[in-house]
Amino acid sequence: MKNDKLKQQYRINEQIRVREVRIVGDNGSTVVPTRDALNMAHDQGVDLVEISPNANPPVCRLIDYSKFLYQQKKRQKEMKAKQVKVEVKEIRFGPQTDEHDYQFKLKHAKEFLSEGNKVRAYVFFRGRSILFKEQGEVLLLRFANDLEEVGKVEGMPSLEGKKMFLYLAPKKAGEKKKSQQARDREAAEAEAKEAKKVAQAPEGDTEVPANGGLFANAKISADALKKLQEAEE
């Protein structure tokens with residue numbers, strides 16, 4: 001039945017009743033009288049297929065009609081396969097969601113976004129828990145920050161009735177960037193590495209900066225290690 005519908009989209013041979021047509025092929029295109037085009041198709045043992053009826057003159061191809069329909073069907077199938085169906089996945093929180101539950105839902109959200117789906121996260125306030133709406137907003141903002149590498153925020157948290165929503169869309173390839181937590185960790189690692197290098201420099205090394213000597217550098221190293229530990233937590 002699909003093939004019958006496809007056949008109805010194109011006129012062929014004697015169904016083409018215009019004075020002249022444009023024949024297109026591998027060697028370019030040329031405008032010829034329709035009768036001459038039909039003779040050319042007959043001589044080559046193929047069909048005259050009208051592929052663009054609204055052009056002036058209409059555009060035709062010299063091709064076996066069955067082969068032409070097969071190519072069109074194959075092209076439609078390929079285009080359909082390339083169409084990505086984007087779904088919206090929901091993640092629900094309570095205003096006082098515990099850490100274990102939060103990490104579990106964070107993991108699922110990362111999977112949804114990595115698969116190309118959108119995420120609608122919301123905090124549901126039941127009864128008097130609406131008093132904790134600020135806490136719910138903080139939770140959603142943390143959620144958005146933790147998903148920064150794979151998703152982008154489409155709108156800030158908004159309260160609708162008893163629900164506060166946050167919408168996230170997947171990032172395109174090459175659009176990912178490091179989260180603030182990852183950047184802080186890298187900065188702390190670099191600072192600790194540099195401080196360790198300076199602290200281990202031979203006594204009297206001229207490259208030791210005049211910022212308080214080795215005692216100060218030791219303090220910098222301790223501070224850097226502390227920042228690294230905080231970043232890991």
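**View 1. Aromatic pairs in the predicted model.** Searching the whole structure gives 7 aromatic pairs. Rings of Phe, Tyr and Trp (its six-membered ring) pair if their centres lie within 6.5 Å; planes under 30 degrees apart count as stacked, over 60 as edge-to-face and the rest as tilted. This is a predicted model, where local features need pLDDT of at least 70, side-chain atom pairs count only at pLDDT 80 or more, and totals for chains, interfaces and linings use all residues. Residues are numbered from 1 along each chain as its sequence is written, and side-chain values use heavy atoms, with hydrogens and water left out.

**View 2. Tyr 102 and Phe 143, an edge-to-face pair.** The ring centres of Tyr 102 and Phe 143 are 6.1 Å apart and the planes stand at 75°, so the pair is edge-to-face. Tyr 102 belongs to helix 4 (residues 99–114) and Phe 143 to helix 5 (residues 133–146), 41 residues apart. Helices (H or I, at least four residues) and strands (E, at least two) are DSSP runs, numbered from the N terminus. Tyr 102 is buried at 2% relative accessibility, and Phe 143 is buried at 0%. Buried means under 20% relative accessible area, exposed over 50%, partly exposed in between (1.4 Å probe, protein chains only). The charged end of Arg 142 sits over the Tyr 102 ring, 3.9 Å from its centre. For this, NZ of Lys or CZ of Arg must be within 6 Å of the ring centre and within 35 degrees of the ring normal.

**View 3. Phe 165 and Tyr 167, a stacked pair.** The centres of these rings, Phe 165 and Tyr 167, are 6.1 Å apart, with planes at 20°, so the pair is stacked. Phe 165 is buried, at 9% relative accessible area. Tyr 167 is partly exposed, at 30% relative accessibility.

View 4. Two strands pair if DSSP finds at least two bridges between them. Strand 5 and strand 6 (residues 118–124) are parallel, over 6 bridges. Lys 89 has Val 119, in strand 6, as its bridge partner.
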